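Student: Please show me the sequence and the structure, and then let us discuss them in turn.

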Amino acid sequence: MFPNPTPARPISPDPVCALVVDAEEDFDWDKPIAQTRHSTDCMRHVTDLHEVVGAYGLRPTYLLTYPVLDDDEAVQLLRRQLAAGRCDVGAQLHPWVNPPHAEVGETDPLAASYSGNLSGGLEDRKLAALKQRFVERFGHPPTIYRAGRYGFGAGTAALLERHGFLIDTSVAPSTNTAEEGGPDYSGYDFAPFWFGCDRRLLEVPLCRSIVGWGGRWAPCIHRRLSAPALARLRIPSIVTRIRLAERVTLSPEGNDVAAMLRLVRHLRARGQTAFVLSFHSSSLAPGRNPYVRTRADLHHFYDRLSGVLDAMSGRLGIRFVRLAEMPGLLGAAAS
């Protein structure tokens, strides 16, 4: 899937962190993707986010889906923020809302929601359409990419090389979506790496790992106990509750500040210096996703976001950077 992978070597021991936002249409997460209606109203709230993260000198990178690129008001807002140096933009492919649409019905809608499953050149045509719309809106091609639902496939790397991308963010460590036709990342952990054949790209995975007093056995314990039969018995939730093997993501969505800091300390102890905080744009307004259903949930979301940013910049001495800076900070690929 990732040709010629090579570990990324940090240039400096000083830790850094970037912020990535899945800037996407909001839809009903409880219904089949291909059949849900959506809107992009959540993008009207990015200025609220900038009031918070700007206090820490943090510049988010928005990974834009096709419906967001089609939203004139959202694009104008992002252009103003770009001009003011408050954000960066990249691209994210959600195949169920990204043209061309004609051939999607030939495959299972759920499996086809992972763009790496699309055959006959359809993934390439969708990526080309996304890139072209991005160029029309911002005047330059995108260089940062994420496959929606982390749906990187066997042919995706070659497409990213050909279309000029520099950074990919499609790996979701310790996550297996094979049951619904998606990729299995259960063997991956958070560690940026280089890949590519004719040109090298940097993979910056979702910042997720298995932590806990299970130590080096924690990932194996989590993987074994996350089998479907045991999941139905709620075994994984019990293991998480007692912190034997806890899957934590550096995100205020579903993770409290203490858990996120356990993750950062765990990764720092392993020598990691590059981190990525992430969440969905639909968390910026109530009722758009399962993480922020009410106004109170929104306040709690911002409390967690502010809490982890304060702890990282203060107690942990982490410097905030743009995602676009990561290739330079992690150095050239080893020969």
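Tutor: In the protein chain, 73% of the contacts between residues at least 6 apart in sequence join residues at least 24 apart, where contact means heavy atoms within 4.5 Å. This is a predicted model, in which local features need pLDDT of at least 70, side-chain atom pairs count only at pLDDT 80 or more, and totals for chains, interfaces and linings use all residues. Residues are numbered from 1 along each chain as its sequence is written, and side-chain values use heavy atoms, with hydrogens and water left out.

Student: Is Gly212 buried, partly exposed or exposed?

Tutor: Buried means under 20% relative accessible area, exposed over 50%, and partly exposed in between, with a 1.4 Å probe and protein chains only. Gly212 has a relative accessible area of 34%. Therefore, Gly212 is classed as partly exposed.

Student: How far apart in space are Gly212 and Glu246, C-alpha to C-alpha?

Tutor: Gly212 lies in the loop between strand E11 (208–211) and helix H7 (218–225). Along the sequence, Gly212 and Glu246 are 34 residues apart. In space, their C-alpha to C-alpha separation is 5.7 Å.

Student: Which elements do the buried residues of H10 pack against?

Tutor: Helix H10 covers residues 257–269; helices (H or I, at least four residues) and strands (E, at least two) are DSSP runs, numbered from the N terminus. In H10, the buried residues include Leu261, Leu263 and Val264. The buried residues of H10 pack against E11, strand E12 (246–249), strand E13 (274–280) and helix H11 (295–313).

Terms used. The expected span of a helix is 1.5 Å times one less than its number of residues.
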